[in-house]
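Good morning, and thank you for coming. I would like to take you through one structure, a few elements at a time.

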Amino acid sequence: MQNIMAQLETRLGSLARSLASFRPERGVSISLVLGLDASVVPTAKDLSSHVRSIVDGARRHVDELADVLAHEEEVAARDDLERAQTFLDQDLDRSGAAGFALYVSGLEGAWHEVPLATPVRDAAHVGRTFVLAPLLESLERDRELILVAVGRERGTVWRTRSGRTELLEDRTEEIGRRHDQGGWSQARFQRSVDEDALDHFRDVADILAHTIQPGSGAHLLVACVEEQRSLFEQLLAPHVRESLLGWTTVEAHAGEDALEPEAQRLLAARLESERAGLVERWREARAGGDRATASWAEALEAAANGAVEAALVDGRSPDAWVCPACDRGGLAQGSCALDGTQLVAAPGGALEIVIRGTIANGGQVRRVATLPETEGIAALLRFPVSPV
Ligand SMILES: [Zn+2]
C-alpha cells in the first residue's frame with residue numbers, strides 16, 4: 001500500500017491534492033478549463049475567442065453569486081478573471097499541451113497553471129471549491145517515461161513527461177575507431193572491441209540505475225536490436241528492470257521522435273491494464289464483502305471519511321448538495337446531518353465531491369469509458385462505511 005501511494009505521487013498528483021483541499025477563507029475558487037486540440041483551436045485568433053467565451057461564462061457565474069459575495073469578494077473575482085483572460089490570451093505556452101486548466105483565487109493568492117496531456121472540453125466554474133474532473137486523465141498519464149536508445153556504439157537517454165522531452169545523456173561513441181591504428185591481430189582487435197562494448201552497455205545501465213529512482217513509478221522503453229536485448233537486460237539494476245515497459249527497434253541514429261509514439265502506445269496499454277485490474281479488484285471486493293461500493297450515497301460518505309482507496313468513474317454524476325461548514329456531501333437538499341448547516345448545490349454534482357474527498361485523502365480516481373453495472377461510480381474502500 002505504502003509503495004503504491006509513493007508510486008502515484010507525482011508533481012501533478014501533489015498539486016491535485018492541494019487543489020482538492022483548497023477552501024478559500026474569503027472569495028471564490030475559479031476553475032477555467034481550455035481545450036487546445038489543434039483541430040478545434042488551430043490559430044491564435046481561435047484561441048482568443050475560446051478564451052473570451054470561457055471567461056464570459058465565468059463572469060456570468062460571478063453575476064449569479066453577487067448576492068452572496070461581499071463587495072470586495074466580487075471585485076476580487078472580476079479582477080481574477082481579467083488577469084486570467086490576459087494570461088490565457090497573451091502568455092499561454094500551448095506547446096505540447098492538449099488542454100490547459102487555470103485555478104485562481106486571488107484573495108488567497110492562489111494561481112495554478114496546469115498544462116494537460118489529454119484533450120478537455122472548455123469549461124468555467126466559480127464556487128467554493130476547484131473543479132477537478134478535467135484533470136483526471138492527465139493525472140493518470142503523469143508518469144515519467146525514460147527512453148533509451150542503446151547499442152554497441154550508442155547510448156542516448158531521454159526523459160519525457162507531460163508531452164515534453166529532454167535529452168539526459170548521450171554516450172554515443174564509435175568504439176571501433178579507437179582501435180583503428182596499431183598492428184593488432186583480428187582476434188585481439190575483436191576481443192578488445194567486445195570488452196569495450198560490454199563496458200559501454202554497463203555504463204548506460206548505470207546511468208539508468210541513477211536516473212530512475214526506486215519507487216518513482218517511472219517507466220522505461222529501450223530501443224535495442226534483438227540480439228543485444230538479453231545482455232543489456234542482465235546489466236539493468238532490479239528496480240530498472242521492474243520499470244521496463246517494453247523494447248523496440250529504431251534506426252541507428254534515430255532521435256527521440258522515433259521512440260515517443262511507441263512509449264505512448266505502451267503507456268496507454270499499461271494504464272488500460274491498471275484500470276482493468278482495479279475493476280476486477282472492485283468486482284471481487286464487492287462479491288466478497290463491504291469494502292467496495294457502487295452506491296453514490298456510500299461513495300459520498302466514504303469520500304468524506306477518507307475511506308476511498310480508488311474510485312472508478314465514467315463521467316456520469318447525480319446532482320448533489322454539500323455542507324459549506326464541513327464539506328460533507330449528500331444526494332438530497334436540506335440541512336447537514338452533522339451540524340445543521342443549510343446545504344448548497346455542488347458544482348459538478350456528486351462526482352466532484354467524491355473526486356475531491358478521494359484525492360485530498362491520498363486515494364486515486366480513474367476515469368474509465370463505461371461502468372455498465374453502476375450509476376457511474378465504483379469505489380474500493382479502505383474500510384466499510386454506512387451513509388448517515
Ligand atoms: Zn456539515
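**Helix α6 and its neighbours**

In helix α6, the buried residues are His200, Phe201, Val204, Ala205 and Leu208. Please bear in mind throughout that this is a predicted model. What do these buried residues of α6 pack against? Their partners are the strands β5 (145-151), β6 (154-161) and β8 (219-223), together with the helices α7 (226-235) and α8 (238-242).

Helix α6 runs over residues 186-211, and at 1.5 Å a residue its 26 residues should span 38 Å; the end C-alpha atoms lie 37 Å apart, so the two values agree.

Let us apply the same check to helix α3.

Which residues of α3 are buried? They are Leu47, Val51, Ile54, Val55, Ala58 and Val62. These residues lie on the same side of α3, because they cover an arc of only 95° around the axis. The general rule behind such a pattern is that an α-helix has 3.6 residues a turn, so residues three or four places apart point the same way. The buried residues of α3 pack against β1 (29-35), α4 (71-91) and β4 (123-127). On the face turned away from the buried side, α3 carries exposed residues, among them Lys45, Asp46, Arg60 and Glu64.

Next, a pair of helices. Helix α10 (residues 296-304) packs with helix α11 (residues 349-360) at an angle of about 35°, and their axes are 8 Å apart. The crossing of α10 past α11 is left-handed. From α10, Trp296, Ala299, Leu300, Ala303 and Ala304 meet Ala350, Ile353, Val354, Gly357 and Thr358 of α11.

I turn now to a sheet. Three strands form an open, antiparallel sheet in the order β13-β12-β14. Its edge strands, β13 (329-330) and β14 (344-345), each pair on one side only. Strand β12 (residues 321-322) is joined to β14 by 2 bridges in the antiparallel sense. Trp321 has Ala345 in β14 as its bridge partner.

Finally, the chain as a whole. There are 11 helices and 16 strands, and the C-alpha trace spans about 90 × 55 × 30 Å along its principal axes. Of the 388 residues, 37% are buried. Among contacts with a separation of 6 or more, 69% join residues 24 or more positions apart.

Note on methods: Residues are numbered from 1 along each chain as its sequence is written. This is a predicted model: local features need pLDDT of at least 70, side-chain atom pairs count only at pLDDT 80 or more; totals for chains, interfaces and linings use all residues. A residue is buried if 20 or more other C-beta atoms lie within 10 Å of its own, exposed if 12 or fewer, and partly exposed in between; C-beta atoms are placed from the backbone. Helices (H or I, at least four residues) and strands (E, at least two) are DSSP runs, numbered from the N terminus. The arc is that of the directions from the helix axis to the C-beta atoms. Two residues are in contact if their C-beta atoms, placed from the backbone, lie within 7 Å. Two strands pair if DSSP finds at least two bridges between them. The expected span of a helix is 1.5 Å times one less than its number of residues. Axes are lines fitted to C-alpha atoms, for helices over the stretch in contact, and angles run from 0 to 180 degrees between N-to-C directions. A crossing is left-handed if the near helix is turned anticlockwise from the far one by less than a right angle, and right-handed if clockwise.
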